[in-house]
Amino acid sequence: MLVEKAVPEKLYSLYGRLHTTAIKIAMLLAVSDFVAMAEGNPLVIRPEHWARAQMLTEGYRASLHRLVEDASQPVDDEDQELEQKISIA
């Protein structure tokens, strides 16, 4: 997606790390299963670990897009909004 310019440039850094995040999550999920049945067996990331990790990482990606969209919305009057927040507290 990065090579094809299918992602806005301001999101490159996150998209460049999502695959690493997914594999780290998959390893953590595998370790949580591994502890229960270790007995000298190798740690194996099974398809269900990877699927869950992809789901969680996709949630991170979707959250980033919501954050960028919210941050891109113009604020009519920031001073008035701040005053309202202060007067409520």
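The legends below describe close-up views of a predicted model of one protein chain.

**Figure 1. Overall arrangement of the chain.** The predicted chain contains three helices and zero strands, in the order α-α-α from the N terminus. Of its 89 residues, 13% count as buried. Among contacts with a separation of 6 or more, 50% join residues 24 or more positions apart.

**Figure 2. Confidence along the model.** The mean pLDDT of the chain is 80, with 87% of residues reaching 70 or more. Helix H2 (residues 47–72) has the highest confidence, at a mean of 88, whereas helix H3 (residues 78–88) has the lowest, at 72.

**Figure 3. The largest nonpolar core.** Five residues form this core: Val7, Leu11, Tyr15, Leu18 and Leu64. In soluble globular proteins, nonpolar side chains tend to be buried together.

**Figure 4. The largest pocket and its lining.** This pocket has a volume of about 220 Å³. Helices H1 (12–37) and H2 are the elements that each give two or more residues to its lining. Ten residues line the pocket, and the largest share, five residues, comes from H2.

**Figure 5. Residues at the centre of the largest pocket.** Of the lining residues, Leu18, His19, Thr57, Glu58 and Arg61 lie nearest the pocket centre.

How values were computed: Residues are numbered from 1 along each chain as its sequence is written. Side-chain values use heavy atoms; hydrogens and water are left out. pLDDT is the predictor's confidence in each residue, from 0 to 100. Helices (H or I, at least four residues) and strands (E, at least two) are DSSP runs, numbered from the N terminus. A nonpolar core is a set of buried Ala, Val, Leu, Ile, Met, Phe, Trp, Tyr and Cys residues joined through side-chain atoms within 4.5 Å. Buried means under 20% relative accessible area, exposed over 50%, partly exposed in between (1.4 Å probe, protein chains only). On a 1 Å grid over the protein atoms alone, a cavity is a set of points where a 1.4 Å probe fits but cannot get out, and a pocket is an open set with protein on both sides within 12 Å along at least five of seven lines; lining residues have an atom within 4 Å of a point. Grid points are joined across faces, edges and corners, and a volume is the space filled by probe spheres set on the points. Contact means heavy atoms within 4.5 Å.
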